[in-house]
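Here are a few quick notes from my pass through this one. Have the model open while you read.

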Amino acid sequence: MRFLTSILLFSLGLQMAQAAEAPPIQQWIDEAIKQGGGVVTIPPGVHVLKDGLVLKDAKKLAIRGMDKEDCVLKLPPLAYAECAQDTPAGSQTLAVRAARNWRPGMQLHISADGAVDSFTKKPKPYVLAVISEVQEGKLLLKTPLKFPIPAGAVIRHADAPNLIEIRGASEQIEIANLPLEGGGLAGDPPV
């Protein structure tokens, strides 16, 4: 009975969403989880999910596209850059190329030797930094770098979202008729 009620709720939500610009998919999922399960029907279109979807403590939940060919869940293009030149420790500016989608306050994950891991006694394979300002060809940092960064080092957003995160005591989850696309573009390295 609860399952049928959830289907009716989400069918009604679907009709309302068709008039709106972007459907509230996370809200539909949260409502289904509160109801103890159900089917969340995704309308046709390419749905760009800025923050990804979170399924926390979901039970008996199905997320289905109305049409396998026309319902796509997608992340926006990844925040990405490459270090354009060797940058010494102590610098607060990173010269970058191929930079896109950066904003002040974002934490950078830079592929370069960083702090020594207390367990392995080897350098961590990354350096973290926070952007204070974005300029053409440059990322200005809130604090000076503690480690040098080599030219060509890949820089990505440290907190980039997953398309779908399943957390907690989730069980019996179905995802069907939905092509899933990460935020990479042609030519991007895997991250």
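**Notes on the model**

1. Two bridges tie strand 5 (residues 71-74) to strand 14, and the two run parallel. Leu-73 has Leu-180 as its bridge partner in strand 14. Strands here are DSSP runs of E, at least two residues long, and helices are runs of H or I of at least four, numbered from the N terminus; two strands pair if DSSP finds at least two bridges between them.

2. Before going on, the ground rules: this is a predicted model, with local features needing pLDDT of at least 70 and side-chain atom pairs counting only at pLDDT 80 or more, while totals for chains, interfaces and linings use all residues. Numbering starts from 1 along each chain as its sequence is written, and side-chain values use heavy atoms, leaving out hydrogens and water.

3. Zooming out, the open sheet has three strands in the order 2-5-14, with parallel pairing. Strand 2 (45-48) and strand 14 (180-181) are at the edges with a single partner strand each, so one side of each has no neighbour in the sheet.

4. Which residues lie nearest the centre of the largest pocket? They are Lys-50, Pro-76, Arg-103, His-157 and Pro-161, out of 14 lining residues. (A pocket is an open set of points on a 1 Å grid over the protein atoms alone, where a 1.4 Å probe fits, with protein on both sides within 12 Å along at least five of seven lines; lining residues have an atom within 4 Å of a point.)

5. Asp-30 sits in helix 2 (residues 25-34).
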